[in-house]
Each structure stands twice: as C-alpha cells, then as structure tokens.
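Hi everyone, thanks for coming. Let me put the sequence and the model up on the screen, and then we'll walk through a few spots together.

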Amino acid sequence: MEESKKTLQDVLGEYTKGEKTLEETNEALRELGSALALDPARNLFSAQELMETRVGETPDEADGWGIMDHGVGCMEKVRVAGGRTVDCDMGQEIAYVYIGGRRYRLRGDVLTEED
C-alpha cells in the first residue's frame, strides 16, 4: 500500500500492532493532514504492553493496550480486558478504540463492532 493512500485507521492500526514507532506514526498523521498527534507522555506503548495485547474474531476477545479517540483532538491510552475498557466509561459519547491493529466502537466501556 502506498503511503499516500493510507487512512487514519491504517496509520493507527500499524502503531497499535507495533509496526510503527510513535514518531513514525505522528509523521504519517501529519502527511494525512490530520490534526491528531500522539503524545509521547500519554500514548507510548512499551514492548511489554504490545506483547500483552491481543485481539480475536469478536470484540470481547480484545485484551491489552490501545488508544482511544473520543473526538477532542487528543488520544488516550487505555487498558482493555475481555473487550471492556478498564477505568474508562464513555457513556453515550461516541468514541473509538484502536487496539492490536483493529478499530472498535466504544459504547460505554464495551468494545463493539462499528455501526
């Protein structure tokens, strides 16, 4: 896939799979013209966190670490266990969690398939 044809989801997917560094991801986001940028103090994954992260066929199989986009211009690092965010409940707000190269719609604290 050419760099110029990548989407936001592609770029964040590569980061959450550990294929790109935070710096490479921020450069790709700039190239997309996105206002989003990952903050090294808030969004950096350790090698251990990436090794602990798993996704499966269904959202409830997701475990580990991801980043949440809740539409305010910054991303939040979140812990996921059994397809639910730990210490984060978005209620009725629209939010997405990128984890292990996948994107899920967050409904409250539950990862779901998109609409």
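Let's start with a question: leaving aside its neighbours within four places in sequence, which residues is Asp109 in contact with? Before I answer, a word on what you are looking at. This is a predicted model, where local features need pLDDT of at least 70, side-chain atom pairs count only at pLDDT 80 or more, and totals for chains, interfaces and linings use all residues. Residues are numbered from 1 along each chain as its sequence is written, and side-chain values use heavy atoms, with hydrogens and water left out.

Now the answer: Asp109 is in contact with Gly83, Arg84, Thr85, Cys88 and Asp89, contact meaning heavy atoms within 4.5 Å. You will find Asp109 in the loop between β5 (102-107) and β6 (110-112). Helices (H or I, at least four residues) and strands (E, at least two) are DSSP runs, numbered from the N terminus. Asp109 counts as buried because its relative accessible area is 19%. Here, buried means under 20% relative accessible area, exposed over 50%, and partly exposed in between, with a 1.4 Å probe and protein chains only.

Next, the strands. Please find β4, residues 95-99. Five of its five residues are buried. In general, the side chains of a regular strand alternate between the two faces of the sheet. In β4, Ala95, Val97 and Ile99 point one way, while Tyr96 and Tyr98 point the other way.

Which strands does β4 pair with? One is β1 (residues 64-69), antiparallel over three bridges, and another is β5, also antiparallel, over five bridges. Two strands pair if DSSP finds at least two bridges between them.

Gly66 counts as buried because its relative accessibility is 0%. Leaving aside neighbours within four places in sequence, Gly66 is in contact with Phe45, Glu76, Lys77, Val78, Tyr98 and Ile99. Gly66 and Arg103 are 37 residues apart in sequence, and their C-alpha atoms are 9.5 Å apart in space.

Side chains of opposite charge can pair when their charged atoms come close. How many salt bridges does the structure hold? There are seven, a salt bridge being a side-chain nitrogen of Lys or Arg within 4 Å of a carboxyl oxygen of Asp or Glu.

Lys77 forms one of them with Glu49, with the closest N and O atoms 2.8 Å apart. This pair links distant parts of the chain, as Lys77 is in strand β2 (residues 75-81) and Glu49 is in helix α4 (residues 47-52), 28 residues apart. Lys77 is partly exposed at 25%, whereas Glu49 is buried at 15%.

Another salt bridge joins Glu14 and Lys6, at 2.7 Å from N to O. Are these two residues buried or exposed? Glu14 is buried at 17% relative accessibility, and Lys6 is buried at 9%.

Then there is Glu19 with Lys17, at 3.5 Å from N to O. Here Glu19 is partly exposed at 47%, and Lys17 is partly exposed at 46%.

That's my tour, and I'm happy to take questions.
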